[in-house]
Amino acid sequence: MKRFVLPLILLTVLLTSCGPVDLNAPMPIYETGIDPNSWVPIPAGEFYFGQHEHIESTLAYQIMVTDVTVSQYADFLNSALADGSVKFVNDEIVGFYPGDIFRGFEHEEEIKAGDWVFIPLDDPSQRVEFEDLTFSAQSGYENHPMTMVSWFGAWGYCDYYGYRLPTEMEWEKAARGTDERPFPWGEEITRENANFYASRDPFEDMSNVGSRTSPVGFYNGKKFGNYQTLDSASPYGLYDMAGNVWQWTGNVYEDMHYRFMRGGSKDTYEMDLRLWVRNNATPTYVSPGVGFRCVKD
Amino acid sequence: MEAFSKRFNYLFGSTKGLILVAISMVAIITAVWGMLSGPMAELGVRDVVVKTLGMDMVQTEREGRIIILYHTIAMAIIAIETYMVTSLIKMKEFYKIAVRVLITVGYLMAMIFGMGFAYFGHNWAFHGLYITGLALIFFAGILLTIALSPWNPKYHNTDKEYAHTKKGIDLERMAFFATALTTVLSAMFGAVPGSFYGNGFETFLAENIIRMPHKTVLEYSVIGHLHIMLALIAIMLTLIIGRWLNFKGTWHKIAMPLMILGTIVLNLGVWGVVTPLQPAAHMVIYVGATPSMLAALFLLIWSWRKLIRDGTEHLEKPTFGQKFSALLRDPLKFGPTWQMLFMNFTTSFIGIFMAIRLDEIFRVWPAREERIELTGHWHVLSAIIATIILMYYGDMIGLKGKVRQWYGWGLIILSDVAFAAVTIFEMKRLFITEAVQQPLVNALMYTMDFGLAMLLLLLAIVLAWRLVDLFKSKGRWTEEVEHELVDEVMK
């Protein structure tokens with residue numbers, strides 16, 4: 001009998017990996033008190049940029065205090081669909097993008113002017129729903145960051161309202177302020193600072209759905225149920241600049257089609273939440289762990 | 001005092017003692033620093049370790065710390081291979097002693113002061129001593145290369161069973177020489193950018209810049225360096241295993257020229273990445289890797305045939321089952337070449353698949369996904385190298401009977417289970433989306449952790465046994481003082 005114990009344990013473990021994942025499993029609903037429609041001004045001037053703290057500077061701009069929420073994105077889609085700025089193609093919402101200069105560099109792919117996918121609607125992770133000719137946020141996800149949105153979809157949202165995506169420098173300055181801190185709130189990271197992989201927040205269930213997004217502005221020092229958060233705003237008062245979702249940035253670099261993301265996410269370890277860490281993907285990439293916010297001049 | 005002196009002489013003066021010390025040092029580093037990441041971090045163990053040991057973990061310096069950590073482990077592995085080479089291959093006694101002294105002092109300095117500098121505050125004297133350690137290892141490499149020179153008639157080999165030229169130059173020795181020489185040269189491809197980036201601490205991990213379309217010469221140099229050094233460690237180990245098993249015959253005569261050719265071409269390809277020939281370098285690397293891998297395959301074929309032949313020689317007409325049983329009879333002799341074969345499924349084939357479908361599949365995914373594949377890829381390769389070394393070590397310390405079986409099969413099964421899980425984890429995006437991956441990730445993590453933890457436990461038991469043995473006045477260590485690996489080569 002003994003000889004079967006180990007294989008049986010291993011088999012049990014492997015069988016648990018075959019269990020279905022309930023993407024709509026119940027989740028706590030909290031109002032964080034942080035207004036996703038609010039903006040903060042970032043003054044012009046120098047700041048420490050990147051891991052090696054090079055001194056760079058930006059002009060003045062304003063940036064959203066939180067990531068764009070699912071509700072905000074649904075509102076955008078309703079308006080944009082009504083005036084023809086976006087349209088359905090199969091199960092996707094697509095919109096026009098004017099294209100990039102293409103030089104045919106090694107690994108570079110051409111981004112032509114034309115319609116590109118903003119969001120897929122048929123993906124079970126999509127939290128924007130379309131019923132009765134209206135877009136709306138899935139119940140419980142209204143104040144969560146908009147995810148499953150491509151770079152084009154993020155660009156399209158900002159552009160529609162006359163905003164734009166932040167450059168990497170603008171993003172980092174807004175997150176870091178003018179000192180050399182590695183995280184928006186300071187030097188060290190604890191589980192109560194941000195939503196990252198296995199951070200034991202009230203939204204994650206590591207035995208099934210894994211890490212899930214938290215409402216924007218969740219880590220604001222308030223207590224939600226039995227869960228006490230730490231106020232983790234950036235020096236300029238921005239929330240979720242580390243963790244929760246990666247955020248698309250606006251730079252289009254020469255000789256590459258990749259778009260860059262910042263901030264780490266619910267699916268990454270703490271090391272990726274450091275302010276200078278970059279991630280990138282093709283602009284059509286969508287993920288339950290990628291969102292965005294906008295800036296305006 | 002005499003007791004201490006005798007043990008010191010064993011640990012730092014004998015081949016098996018030196019190897020034991022180096023394995024122990026790597027085991028300690030792996031056990032402690034393995035608690036700083038992955039599941040151990042999730043469980044909160046990292047915080048306890050950091051606090052207990054008083055580590056200074058500045059966020060901006062993580063990449064630099066990891067580079068030093070990788071180098072200290074690699075230096076100990078190179079030292080182990082050097083001890084094996086100097087014990088297996090004929091050379092002047094002066095060279096043997098000089099190489100061993102230099103590399104032992106070198107890797108211990110690099111390890112102790114490097115880790116001291118990286119993780120326990122920035123004592124710049126430690127940094128200097130770390131660099132000194134690396135420099136000593138470099139000098140040891142130069143001396144080893146000279147010592148392995150195949151042109152001295154004293155080292156010629158005209159035995160028909162072994163590969164040699166018409167003039168009697170031993171081609172196996174030539175392969176050792178080529179590997180040592182190219183290792184020394186390739187080390188400079190890390191030393192030069194290391195000096196540059198170290199002077200200002202603008203360090204980076206290669207996997208984080210892999211998608212940048214424009215890389216500097218020194219960035220290419222770093223990428224080339226880490227690839228070729230690991231490949232050369234693997235090639236040298238293949239040669240060592242071949243010598244231990246007494247690789248000979250027709251397969252040997254085909255394999256050795258291929259090994260020499262592969263090593264040289266592979267290196268030329270990697271060095272080419274820092275030249276204007278960079279666009280063609282990958283093709284040269286593929287061309288070089290092919291003969292090296294073929295040579296390893298020929299070693300595998302020869303050694304498996306020999307295991308089967310030796311295990312069935314008492315039978316007149318052995319059945320397939322009897323042959324199979326003979327092949328698997330001794331896990332420590334079967335294991336090294338099996339691990340080389342298994343490596344293809346976890347690293348080589350994955351690497352080739354990635355290269356072929358890079359833009360269609362892997363570069364569509366986020367860079368962080370690609371990073372998982374890259375780091376998983378070379379972690380597995382490094383760990384496979386470690387298991388092969390441990391198999392040889394198990395044989396050289398005379399494990400017999402059931403202990404040999406448990407140790408050997410434990411190494412094979414536990415490591416392969418873990419490496420298979422790592423490989424599936426790396427490639428999971430091919431068949432599962434982020435949204436529904438968690439149960440699979442959990443199962444793979446449990447499997448990996450189980451395999452690796454049990455493997456470390458197995459190693460810990462062996463090391464504890466060797467530690468206890470050191471306290472005995474007539475322990476096994478007293479016999480091992482005079483042992484040389486060349487005397488234990490299979491007949």
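Student: What is the handedness of the link of Cys158(A) and Cys294(A)?

Tutor: A disulfide is a pair of cysteine sulfur atoms within 2.5 Å. The link of Cys158(A) and Cys294(A) is left-handed, with -85 degrees about the S-S bond. Their sulfur atoms lie 2.2 Å apart. This is a predicted model, in which local features need pLDDT of at least 70 and side-chain atom pairs count only at pLDDT 80 or more, while totals for chains, interfaces and linings use all residues. Residues are numbered from 1 along each chain as its sequence is written, chains are lettered from A and ligands numbered from 1 in the order in which they are written, and side-chain values use heavy atoms, with hydrogens and water left out.

Student: Which parts does the pair of Cys158(A) and Cys294(A) tie together?

Tutor: Helices (H or I, at least four residues) and strands (E, at least two) are DSSP runs, numbered from the N terminus. Cys158(A) belongs to helix H3 (residues 151-160) of chain A and Cys294(A) to the loop between strand E15 (290-291) and strand E16 (295-296) of chain A, so the pair joins parts that are 136 residues apart in sequence.

Student: Are Cys158(A) and Cys294(A) buried or exposed?

Tutor: Buried means under 20% relative accessible area, exposed over 50%, and partly exposed in between (1.4 Å probe, protein chains only). Cys158(A) and Cys294(A) are both buried.

Student: How many salt bridges are found over all chains?

Tutor: Side chains of opposite charge can pair when their charged atoms come close. A salt bridge is a side-chain nitrogen of Lys or Arg within 4 Å of a carboxyl oxygen of Asp or Glu. The whole structure has 31 salt bridges over all chains. One of them joins Asp67(A) and Arg293(A), with the closest N and O atoms 3.2 Å apart. Asp67(A) is in the loop between strand E4 (61-64) and helix H2 (70-82) of chain A, and Arg293(A) is in the loop between E15 and E16 of chain A, so this pair ties together parts 226 residues apart in sequence. Asp67(A) and Arg293(A) are both buried.

Student: What are the N to O distance and the exposure of the salt bridge of Glu254(A) and Arg103(A)?

Tutor: Glu254(A) and Arg103(A) meet at 3.4 Å, N to O. Glu254(A) counts as exposed at 51% relative accessibility, whereas Arg103(A) is partly exposed at 43%.

Student: Which residues are linked in a network of salt bridges?

Tutor: The network links Glu53(A), Glu168(A), Glu172(A), Arg176(A), Arg262(A) and Arg278(A).
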